Amino acid sequence: MHENELKHLKKNLGKYAEGFIESLSDFPKRAVRINRLKADPEKIASALCLTQKAAYCEDSYLITDNINGAHPYHRAGLFYMQEPSAMLAVEAARPYIEKIVKEREYPLLLDMCAAPGGKSGQLAALLGGKGALISNEIDYKRAKTLASNLERLGVRNCAVLSSPSEKIATVFGNIFDAVAVDAPCSGEGMLRKEEAAWDNMNEKTMLSCAERQREILENAVLCLKEGGVLVYSTCTLNETENEGVLEDFIKSGVLAALDCPHLTLVRKSERQTAYRALPQDGGGEGHFVCVLEKKTGGEKKAKPKSPFSTKFDEKKLFAALSPLAKDPIFHTPYIYGENVFLCPPLPEMRNLQIINAGVNVAALMKNTIVPSHGFVAALRKNEVSTAVNFPYVIGDNTFKASGRSLIEKYLRGEELDICAPFSGFGVICADSHPLGLVKASGGVLKNHYPKGLRTR
């Protein structure tokens, strides 16, 4: 720790500073959020021997080093690794968003600063397949990571964009029922995790972040319909980037802060109806959240359609995919380039940079429909038809040892020297949860796990 950075923290964290600085000598907490879109959280927690719940989300658990991104359950999208207090933002808004999902015929949610995807995954779980989620990330490389994470989590009703917030506001207007803004910040809640975060502990960075946050927030408000819910969060704790950014919006009457009495292990702001998770309280690394309702501005009627112009033959696609899944057509099929997408109705997105929309389910190769990894990633365990299932954490120890070896070979991209009870494409599963594609040929299973995802 450097003296100037410590002075900055003491000045800007006020009465929280002493406990915060003392907490920096502790190890950061690690957690997973179990993905309700694909699995029952209690069953997965039991299978993984997770017993201690994390503080800020009902579906989250603290983890040790044996649970990581290489675990087959992570590859299958059964859980998302996320710092515990990063789950606070969506949890704070959860009761309000659940009400929206229940009452609206086609709820529309927007995650304005979405990468790497933790909060979008939480929002998608709240939607439960209903309506649509637009997840935006201005940085193109991070947007690609976002799309990959949402694919892994099996989110079927989402479009991933990479556009500036002002362009998002111009194209969409006030059509969204709820908007999440996890704003770029100086990152005081990152100090235990990332040494580089210390470089941002200065007045210049803090003020620059606050200016950028106001701009993003202004555009987020433009996207929100009257009566809609906005959740503003940062992983920093100073008032300049939090209450200070929100103050003018609240004083003007455009936004009104909402109570979140269901939250635990948080400190309520003395300045606004807002909340802080502080590392000295033991729940996580630190986060700020305020849930607000938009009080003015009316509503623009969204006209959901597909961003794709050419529909694909549903009967042909069903014939190609039905050997793998019991009910493979869950949205309207479209052709784009050399790929087939199953895409839900989405708001007009003309002039925005689209990374992905719906689910990429197949590639067209010389008039042949070849199933894609995206299709398998979208499947739930009870939807798979043609599969080879290996035990990994459930079952007899002898069979688990053999199953683990084969799954690990598959995730490395190797062929599996076993005969399958089918020919052609099938799905390989870990404890019945779909992992990826194989193709039975010549007494072996050819590996079709994407090269970019393979264990190195």
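Helices (H or I, at least four residues) and strands (E, at least two) are taken here as DSSP runs, numbered from the N terminus. The model is predicted, so local features need pLDDT of at least 70 and side-chain atom pairs count only at pLDDT 80 or more, while totals for chains, interfaces and linings use all residues. Residues are numbered from 1 along each chain as its sequence is written, and side-chain values use heavy atoms, with hydrogens and water left out.

Select helix α9 (residues 203-223), which contributes three residues, the largest share, to a negative patch. That surface patch is formed by Glu166, Glu211, Glu215 and Glu218, where a patch joins like charges within 9 Å among residues with over 30% relative accessible area and no salt bridge. Glutamate 218 lies in helix α9 and counts as partly exposed because its relative accessibility is 46%, given that buried means under 20%, exposed over 50% and partly exposed in between (1.4 Å probe, protein chains only).

Next, select glutamate 299 and lysine 225, whose side chains meet in a salt bridge at 3.2 Å, N to O; the term requires a side-chain nitrogen of Lys or Arg within 4 Å of a carboxyl oxygen of Asp or Glu. Glutamate 299 sits in the loop between β12 (287-294) and β13 (310-311), and lysine 225, 74 residues apart from it, in strand β8 (residues 224-234). Lysine 225 is buried at 5% relative accessibility, whereas glutamate 299 is partly exposed at 35%.

Note on methods. Patch = residues over 30% accessible without salt bridge, like charges linked within 9 Å, V, L, I, M, F, W, Y side chains within 5 Å. Areas by Shrake-Rupley, 256 points an atom, 1.4 Å probe, with all protein chains shown as cover. Lys, Arg positive; Asp, Glu negative; His and termini not counted. Charge placed at Lys NZ, Arg CZ, Asp CG, Glu CD.
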